[in-house]
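Hi everyone, thanks for making time this morning. Please bring up the sequence and the model on your screens, and we'll walk through a few spots together.

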Amino acid sequence: MKRIAAALLAVSSLGGCAAAQVPAPDAFEQPVLTVRADGFANLIYQLDCLALPEVHCSREALRALWANGWSEADEGMLQRWAAVVRSAAIDARAEDEGGLHPLPHATPDAAEQLRVAGSLASDAAAWKRRAAALLEPAQVEAGLGVLAHFHPRFAAWWQAHGAPAARDAAAALETALDDPALARWVDELRRFYGAGAAEGFTLHLAVIPAEAKGPSYATQLGDHALLEMRPGDRPASRLEVAIHELCHRFLAHAPPAARREALASFVSVGDQRAMAAWALLDEAVATAAGNGLGAALLYDEATRERRLAAPLYGDPAIDGAARAILTLVREQIAAGGTVHDGAFLERYRTAVEAALGAQLDTPALQLRQVALVRDPALRPHALRLFGLLRASNGWEATLDEAPALLGRWRQLPAVVLFDPAEGEAMERVRALVDDPTLTLAPRTITLRHTAGGRPIHLLATAPDGAAALVDRFVACAAATAPCAPPR
């Protein structure tokens, strides 16, 4: 009997079929997971990856896959797809009432919901029905045009390479999930996070070329996880990632009061190091529990030793934080405690500060939760910056909207990307940093602090220099010293 997988969607050439329910044992809360590996959803995943720099994915591998015969028309269609996705509202969520720092988002925004809609679409008509709730009619039609443009080439690759790999992976996952010990471990994680039953969580398999180098990626969007896989991947490696993503879902479904109290315990420390440790908590704990402790269930002894000797996560800061708390998380779960317990959070913060030290003083870590303020024309560069910073949560605003956003959360770090040649833009930036005499030349990066202690990084650039300035800021964000002036 399948202990975790209540549903498996069989893979067709470009779609899936219905699934059967499996009864749950009585001894513990039964996780109910669904596995999908639809061809059309894979096309949309590839377009999102290629068109949206803020999406974490195997971009270089997919660029190589599409490189043969790539044209200017293809590039134009890709830009159109980016415009379609970004036309969805980035952040209309109000999940708490304001204060010094916001809670991480617990629900996907409209652009992320559009990605979920793509993951659930078995064909263009299904995407149209789902997208219509999130986009204006003209944008839906534009998206359909992009899908029609790329679909014929994708379908040939999917039928020859993608579908067989997805079919094999889905079947292997179903077999691997037939393990009561694994189901019990997932339920222990649910209790550790203080979350409700793991029902309705869907794993979407995104096939990437076998030649892809480096880590594979996964993204949790509400009750959905997008998991990259290469042909030949071991089921255990995909299960490891699935449990990691499920940990994110559990944290998002924890009681809001517990989440607010946990945040308050970091805010009360009163320094940016503590807030950087807070910004790492979601990924660090998911990595420790899902990847580190989960290895004991998923691998034989020799494989487990090799796995633990390799990075648990592709981001060195998160990997270091996760390793620093492995024993702490194991002990907390064994004792029946939760991630929100005050003593656990204090020990977590102490362990992470000891492990990462001065790294917590760098913008690279302090901007893992960030307010992005930008000129409308610079929005694509701001979203690319969000991806390059590996930010876990972002709140976006135009210069006009910035006072309301920054006034709501009075210590949330901010990055302001603007063109200083625009007089109104310069005036609004002066007001944000309370400096009526501020003047910045293009290609300038500077750091200001508000009276309440909020760091605001100002990136002044003309549109044609924005990409280079973003790259320079990201390069120097890993250091504690200010960015050097341009040459």
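Let's start with tryptophan 278, which is buried, with a relative accessible area of 8%. Keep in mind as we go that this is a predicted model.

Which ring does tryptophan 278 pair with? The partner is phenylalanine 266, and the two form a tilted aromatic pair, 5.3 Å centre to centre with 50° between the planes. Phenylalanine 266 also counts as buried, at 1% relative accessibility. If you trace the chain, phenylalanine 266 sits in helix H9 (residues 256–267) and tryptophan 278 in helix H10 (residues 272–293), so you'll find the two partners twelve residues apart.

Tryptophan 70 is in the loop between helix H2 (59–66) and helix H3 (72–86), while phenylalanine 150 belongs to helix H6 (residues 137–176), so the pair ties together parts that are 80 residues apart in sequence. Are the two partners buried or exposed? Phenylalanine 150 is buried, at 0% relative accessibility, whereas tryptophan 70 is partly exposed, at 27%. While we're on rings, have a look at Phe192, Tyr193, Phe250 and Phe344 too, which ring pairs link into a cluster.

Now let's zoom out for a moment. The protein has 20 helices and ten strands, and 54% of its 487 residues count as buried. Among contacts between residues at least 6 apart in sequence, 69% join residues at least 24 apart.

Next, two helices. Helix H1 (residues 39–51) and helix H4 (residues 110–120) pack at an angle of about 145°, and their axes are 7 Å apart. Which residues make the contact? From H1 we have Ala41, Ile44, Tyr45 and Asp48, and from H4 we have Arg115, Gly118 and Ser119. By type, the contact residues divide into three nonpolar, two polar and two charged. H4 has eight of its eleven residues buried, so H4 is largely enclosed by the rest of the structure. Among those buried residues of H4 are Leu114, Val116 and Ala117, along with Arg115, Gly118 and Ser119.

Let's move over to the strands. Strand S7 (residues 393–398) is mostly covered, with six of its six residues buried. Asn393, Trp395 and Ala397 point one way from S7, and Gly394, Glu396 and Thr398 point the other way. Which strand runs parallel to S7? Strand S6 (residues 369–374) does, and six bridges join the two. For one of the partners, look at leucine 372, which has glutamate 396 as its bridge partner in S7. To get from S6 to S7, the chain passes through helix H17 (residues 379–388), and this β-α-β crossover is right-handed.

One last stop, and then I'll take questions. Glutamate 422 lies in the loop between strand S8 (414–418) and helix H19 (423–433), and at 46% relative accessibility it counts as partly exposed. Glutamate 422 is 40 residues from alanine 462 in sequence, yet their C-alpha atoms are 9.2 Å apart in space.

Conventions. Residues numbered from 1 in each chain as written. Predicted model: local features only at pLDDT ≥ 70, side-chain atom pairs only at ≥ 80, totals over all residues. Heavy atoms only, no water. Axes fitted to C-alpha atoms, helices over the stretch in contact; angles between N-to-C directions. Helix = DSSP H or I, 4+ residues; strand = E, 2+ residues; numbered from the N terminus. Contact = heavy atoms within 4.5 Å. Nonpolar A, V, L, I, M, F, W, Y, C, P; charged D, E, K, R; others polar. Buried < 20%, exposed > 50% of the residue type's maximum accessible area, 1.4 Å probe, protein only. Phe/Tyr/Trp six-rings, centres within 6.5 Å; stacked < 30°, edge-to-face > 60°. Pairing = 2+ DSSP bridges. Right-handed = clockwise from strand over helix to strand, strands pointing away.
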